[in-house]
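Dear colleague,

Please find below the structure that I am handing over to you. My notes on it follow directly after.

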Amino acid sequence: MLRVAVVGSGPSGCYTAQSLVQRDPGVHVDVLDRLPCPYGLVRYGVAPDHEKIKSLQGSLRAVLEHERVRFLGGVRVGGPDGLPVERLRQLYHAVVYCVGAAADRRLGIPGEELPGSWSATDFVAWYSAHPDAADAGCLRGVRSAVVIGVGNVAVDVARMLVRGAAELHPTDIPQSALDTLTASGITDVHMVGRRGPAQARFTTKELRELGTVPGTEVTVQEAELATSAPDALTAVQRRNVEVLRGWAAAPPRQAERRIRLRFFLRPVELLEQDGRVAAVRFERTAPDGSGGVTGTGRYEEVPAQLVLRSVGYRGVPLEGLPFDVPSGTVPHREGRVLRDGVVSPGEYVAGWIKRGPTGVIGTNRPCAKETAASLLADAPALMAALAPEEPLAALRAAGIDPVPWQGWLAIERAEAALGARLGRNMVKLADWDALLGAARSA
């Protein structure tokens, strides 16, 4: 029997486990996660009003309920409070790290650390009920918000800032986040990109959703729609520009809230008043002829009491594993971890920590299959070299009491019961004590 640990229960971890058990009937996989809940960014990174994407949990659930897959939640790997990587390696023939890209990229400009300046990653974690999320006191007293970035995450947070109670009440958003968002006084959200609309990273479907939010007007400045010749654009770029041109041409209308899409503006400083963010200073940019932009020396200030930075994710080093700082990934060859350029037997990576934060959820499938193929090709040598200990006994001896699948099912029941008490559907539990208390009730 080949015993494998997969660290991380998001899409890349689940697809890796699936590939392993489908290809080899002798493989048994433990999927470890530091949280007591599975599914990774599908649970904690998808906006609550995106029910179709969240339904992917069903396919991931089928993997974790496979007879040769075991979910072990609440297991921290690496770091001062976690199980050392070296110790984990002793418990399994092979370990696959699917730990994603947990940090946000920085703007690197003055004022970035001011109160009221948040990463979109942290804001998404808050409204998604991640137990590590900070309280969103930043929304108090906010009338105008700036979202820096023009990808799908930026679209999500802009949309969530203007959603009303009627649209959010049926979702699983935690009650505290629902109350805070629906009580906020935000009237203007500026979503800003340093390049032009043709270079924006959002998909057309996500973009169009902005125009469907009740009581909200989407505005675009015609002068900022300068773009390449239409025949030089991809199909997605053409569709995006068409949607934007439609909003630019629409007559103004009365609306409670506005989402203002802005382009060719590069943030250079967050400005302060009374100890917190009060505005963002932008430099006007212009196309440089090779797909980038150059500064023009002209500046503009946009008032904002909240700034959300949505300029991408970045991998975080895991203590005990090699890490390439420029790419934010673990060095590898076809998923095999490299230490000083040499393959490290029994250590593998998949997902964003392998290839960087690129692609959509489905991109993790071929990535996971490549890693699984490498691992199974190495299996005879791995099994000959190591007779691993029984993992559960070893984890408990180290003071770790994993949350089993039944514990996760108990959390689901508790969230359903909470929703019923609040007159809503399922409502997420948003703190460690509530999650672990529910899990232990199993």
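Two strands are said to pair if DSSP finds at least two bridges between them. Strand β7 (residues 144-148) and strand β14 (residues 306-309) are joined by four bridges and run parallel, so they count as a pair under that definition. Val-146 has Val-307 in β14 as its bridge partner. Please keep in mind throughout that this is a predicted model.

The open sheet

β7 and β14 belong to an open sheet of six strands, in the order β6-β14-β7-β8-β10-β9, with parallel pairing. At its edges are β6 (117-119) and β9 (216-220), each of which pairs on one side only. On average, neighbouring strands of this sheet are turned by 20° against each other, direction ignored. Helix α6 packs on the sheet, where it touches β6 and β14, and its direction makes about 75° with that of β6. Helix α11 (residues 235-249) lies across β9 and β10 (257-262) and runs at about 105° to β9.

How many of the eight residues of helix α6 (residues 120-127) are buried? Seven of them are, and the helix is mostly covered. The buried residues are Ala-120, Thr-121, Phe-123, Val-124, Ala-125, Trp-126 and Tyr-127. Just after α6, Ala-129 takes a positive phi of about 70°.

Two packed helices are described by the angle between their axes and the distance between the axes. For α6 and helix α7 (residues 152-162), the angle is about 50° and the axes are 10 Å apart. The two helices are therefore oblique to each other, and their crossing is left-handed. On the α6 side, the contact involves Ala-120, Phe-123, Val-124 and Tyr-127, which meet Val-153, Asp-156, Val-157, Met-160 and Leu-161 in α7. The residues of this contact divide into eight nonpolar, no polar and one charged.

Strand β4 and its partners

In a regular strand the side chains alternate between the two faces of the sheet. Strand β4 (residues 94-97) is covered on both faces: Ala-94 and Val-96 are buried on one side, and Val-95 and Tyr-97 are buried on the other. Strand β1 (residues 2-7) runs parallel to β4 and is joined to it by four bridges, with Val-7 opposite Tyr-97. β4 also pairs in the parallel sense with strand β18 (residues 342-349), over three bridges. In β18, Val-349 is the bridge partner of Tyr-97.

A hairpin

Strands of a sheet pair through backbone hydrogen bonds, either parallel or antiparallel. Strand β11 (residues 265-273) and strand β12 (residues 276-287) pair in the antiparallel sense, over eight bridges. Leu-271 has Ala-279 in β12 as its bridge partner. Two residues lie between the strands of this hairpin, where Asp-274 takes a positive phi near 55°.

Gly-297 and Ser-119 are 178 residues apart in sequence, and their C-alpha atoms are 27 Å apart in space.

Yours sincerely,
A colleague

Definitions and conventions:
Residues are numbered from 1 along each chain as its sequence is written. This is a predicted model: local features need pLDDT of at least 70, side-chain atom pairs count only at pLDDT 80 or more; totals for chains, interfaces and linings use all residues. Side-chain values use heavy atoms; hydrogens and water are left out. Buried means under 20% relative accessible area, exposed over 50%, partly exposed in between (1.4 Å probe, protein chains only). Axes are lines fitted to C-alpha atoms, for helices over the stretch in contact, and angles run from 0 to 180 degrees between N-to-C directions. Angles under 35 degrees count as roughly parallel, over 145 as roughly antiparallel, 65 to 115 as roughly perpendicular and the rest as oblique. A crossing is left-handed if the near helix is turned anticlockwise from the far one by less than a right angle, and right-handed if clockwise. Contact means heavy atoms within 4.5 Å. Ala, Val, Leu, Ile, Met, Phe, Trp, Tyr, Cys and Pro count as nonpolar, Asp, Glu, Lys and Arg as charged, and the others, Gly among them, as polar.
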